[in-house]
Amino acid sequence: MPIYEYGCYDCRKRVNLFFRSFAEVEAKTAVCPRCGGTRLKRLISKVAFVRSEESRLDSLADPGSLAGLDENDPKSMARWMRKMSHEMGEDLGEEFNEVVDRLESGEDPESIEKSMPELGGESGGGADDDWFGD
Ligand SMILES: [Zn+2]
């Protein structure tokens with residue numbers, strides 16, 4: 001969902017407008033949610049919006065964001081995974097939550113992986129075609 005920041009010439013405030021799609025951004029006249037004025041200037045371009053999303057994801061890959069992560073400590077990993085999920089703003093599904101819960105209770109990551117064969121590695125892409133047998 002695109003979110004744009006506008007400056008309103010009438011009330012001189014910065015406002016955020018939400019749109020259901022990029023097409024709607026082009027089709028609709030932006031109306032200030034504070035004063036109802038239509039003299040709005042878009043402050044953040046579509047490109048800037050996309051880029052900021054990307055940089056948010058980049059920051060997850062930034063070694064700095066791994067600070068405090070101890071791979072040998074399941075609880076530390078669980079905390080990091082929750083943070084990652086939160087930053088992405090996505091519910092990563094029941095399996096993910098189960099893994100995090102079990103890590104948090106101190107279970108060994110390897111034993112979790114073994115008990116959940118459907119995890120099938122870290123990519124989770126399902127690109128491997130081993131599963132349908134011969
Ligand atoms: Zn206004």
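**Cysteines, zinc and cores in a predicted model**

Reader: Why is Cys-8 called buried?

Author: Cys-8 has 4% relative accessibility; buried means under 20% relative accessible area, exposed over 50%, and partly exposed in between (1.4 Å probe, protein chains only). Cys-8 therefore counts as buried. The model is predicted, so local features need pLDDT of at least 70 and side-chain atom pairs count only at pLDDT 80 or more, while totals for chains, interfaces and linings use all residues. Residues are numbered from 1 along each chain as its sequence is written, and side-chain values use heavy atoms, with hydrogens and water left out.

Reader: What makes Cys-35 and Cys-11 partly exposed?

Author: Cys-35 has 39% relative accessibility and therefore counts as partly exposed. Cys-11, at 24%, counts as partly exposed as well.

Reader: Which residues coordinate the zinc ion?

Author: The SG atoms of Cys-8, Cys-11, Cys-32 and Cys-35 coordinate the zinc ion at 2.3 Å. Donors are N, O and S atoms within 2.8 Å of the metal (3.2 Å for Na, K and Ca); water is not among the atoms, so sites may look incomplete.

Reader: Why is the arrangement around the zinc ion called tetrahedral?

Author: The 4 donor atoms subtend angles of 107 to 117 degrees. Four donors count as tetrahedral if all angles lie between 85 and 135 degrees, and the arrangement is therefore tetrahedral. Along the chain, the donors follow the spacing C-x2-C-x20-C-x2-C.

Reader: What does the pair Cys-8 and Cys-35 tie together?

Author: Cys-8 lies in strand 1 (residues 3-8), and Cys-35 in the loop between helix 1 (22-27) and strand 3 (40-42), so the pair ties together parts that are 27 residues apart in sequence. Helices (H or I, at least four residues) and strands (E, at least two) are DSSP runs, numbered from the N terminus.

Reader: How many disulfides are found?

Author: The search of the whole structure finds 0 disulfides, a disulfide being a pair of cysteine sulfur atoms within 2.5 Å.

Reader: What makes up the largest nonpolar core?

Author: This core has 10 residues, among them Tyr-4, Tyr-6, Cys-8, Leu-17, Cys-32 and Leu-40. The term denotes buried Ala, Val, Leu, Ile, Met, Phe, Trp, Tyr and Cys residues joined through side-chain atoms within 4.5 Å. Strand 1 gives the most to this core, with 3 residues.

Reader: Why are the buried residues of helix 4 said to line one face?

Author: The buried residues of helix 4 (residues 94-104) are Phe-96, Val-99, Val-100, Arg-102 and Leu-103. Seen down the helix axis, they fall within an arc of 165 degrees, so they line one face of helix 4. The arc is that of the directions from the helix axis to the C-beta atoms.

Methods:
Four donors count as tetrahedral if all angles lie between 85 and 135 degrees; four count as square planar and six as octahedral if opposite donors are over 155 degrees apart and all others between 65 and 115; anything else is irregular.
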